Each structure stands twice: as C-alpha cells, then as structure tokens.
Amino acid sequence: MATPAPQRWDRKMQQRLARGEEAALGELYDRYASLVHSLASRVLGDDEAANHITREVFGYIWENPDAYDPKHGSLRSWIATLTQRQAVHRLRQLQNRGRSTPDEVEARVRRANTAARADFIVTSMPAPLRAALELAYRDRVDYRTAAAGLGVSEDEARRRLRLGLQLLSTAMEPGGHTDGHTGHPHDPRGQRGHR
C-alpha cells in the first residue's frame, strides 16, 4: 500500500535521522531492509554477503543522513542506489580476488542494474498503474479480477496494465549502464565506491 505523501515522509525521516533518533533508523530498516537485502543478494548471489551489505547501507544512512537530497528523488530510490553501488563494488572486489571471472561479474552487474531500474520505474509510476501491476503480478490475478479489485472497468484495467508494462519494459532496453550507475538520483559522493 502506498504512503499517502511519500515525499513528506522522506523529508521527515531524514530530519529524524539527522536528529539522531534511533527509532527512525529502526522504522527505516523495517521498511527497506528487505529491498536492500534483495538487491544486494541479486548482485552478489550470496545471502551472507547481502546481510553484510544491508548492515553497511543502514550504517552509512545513520552516519550520513544529510547525504540524501529529496530534490533528487525518493528515499527508497536513494537507498536502492546506495545498495546497488556497494554491492557492485563488493562484487568487483571479489573478482579482483579471483572468485569470479570478469564476464560473470559483468553479467551480474547487468542483471542487477536491470532489476534496480525496474524497481525504480515501478515505484515512480503513477499509483493507479502501480496498483494494477501489483495486483496482476504480486497477487497473480487476471485483468478481470484486477478490474474488480481496483473498482474500474475491464478496459481501464487492461489500459493500466498495458501502460505499466510499457514503462517497465524500458528497464530492459539495451544500452543501460553496467558500471553500477542505475540512473537513480545521485549519491553526492559521485561514482566512487561506498565510503
């Protein structure tokens, strides 16, 4: 379920973190830890490494709450970007230690970038399109059942699903970045690795 005013929530969360409210970090962790772990796991293919990345990302957020700039996008997107960069950085470190070949690393980076772009697109699309996609894919219902769940006509449900899928398909377009940059709002630290 979407938060009524996500931008306002993001700003308030940042302010609470800047004041050092541990409860705010706990709330943020409860909301986004599964996203962070999932993205890190997708890149690294290792649950323990994903746990480590999750701790690092939330540690960075706690130590640097002002690094997030609401003008550049949602807090969720910023957290996803931090995760993506840190996980790719770690993957490349593993490559340098001989645990993965360059081709394996680049294939994982490409898959992870596509997944991160898809997540960004879904969270950025208008709520009616997102709701239709969530019903169709998360709950695995057809457009007729989605229409009933959304309280719209079957034609409108089909239209929303089609538009949502068209937007989502842009995550799969060739020519996407494979250097760890997902096209999400920028981390003020630039293209460097995490910390």
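1. Basis. The model is predicted, so local features are described only at pLDDT of at least 70 and side-chain atom pairs only at pLDDT 80 or more, whereas totals for chains, interfaces and linings use all residues. Residues are numbered from 1 along each chain as its sequence is written, and side-chain values rest on heavy atoms, with hydrogens and water left out.

2. Overall fold. The protein chain contains eight helices and zero strands, where helices (H or I, at least four residues) and strands (E, at least two) are DSSP runs numbered from the N terminus. Read from the N terminus, the order of elements is α-α-α-α-α-α-α-α.

3. The protein chain has 195 residues, of which 41% count as buried; buried means under 20% relative accessible area, exposed over 50%, and partly exposed in between (1.4 Å probe, protein chains only). Among contacts (heavy atoms within 4.5 Å) with a separation of 6 or more, 67% join residues 24 or more positions apart.

4. Helices α2 and α3. The axes of α2 (residues 22-44) and α3 (residues 47-63) come within 8 Å and cross at roughly 140 degrees. That angle makes α2 oblique to α3. Axes here are lines fitted to C-alpha atoms, for helices over the stretch in contact, and angles run from 0 to 180 degrees between N-to-C directions. Angles under 35 degrees count as roughly parallel, over 145 as roughly antiparallel, 65 to 115 as roughly perpendicular and the rest as oblique. The crossing of α2 and α3 is right-handed; a crossing has this hand if the near helix is turned clockwise from the far one by less than a right angle, and is left-handed if anticlockwise.

5. Residues between α2 and α3. On the α2 side the contact includes L25, L28, Y32, V36 and L44, and on the α3 side it includes I53, V57, F58, I61 and W62. By class, this contact holds 15 nonpolar, four polar and two charged residues. Ala, Val, Leu, Ile, Met, Phe, Trp, Tyr, Cys and Pro count as nonpolar, Asp, Glu, Lys and Arg as charged, and the others, Gly among them, as polar.

6. Helices α3 and α4. The axes of α3 and α4 (residues 75-96) lie 10 Å apart, at an angle of about 130 degrees. The two helices are therefore oblique to each other, and their crossing is right-handed. H52, I53, E56, V57, Y60 and I61 of α3 meet W78, I79, L82, T83, Q86, A87 and R90 of α4. The residues of this contact divide into eight nonpolar, three polar and two charged.

7. Two residues of α4. L82 lies in α4 and is buried, at a relative accessible area of 1%. Its C-alpha atom is 9.6 Å from that of F58, which is 24 residues away along the chain. R90, also found in α4, counts as buried at 14% relative accessibility. Apart from neighbours within four places in sequence, R90 is in contact with L44, H52, I53 and E56.

8. A backbone point. R140 is not a glycine, yet has a positive phi of about 55 degrees. This residue lies in the loop between α6 (127-138) and α7 (143-150). R140 is exposed, with a relative accessible area of 71%.
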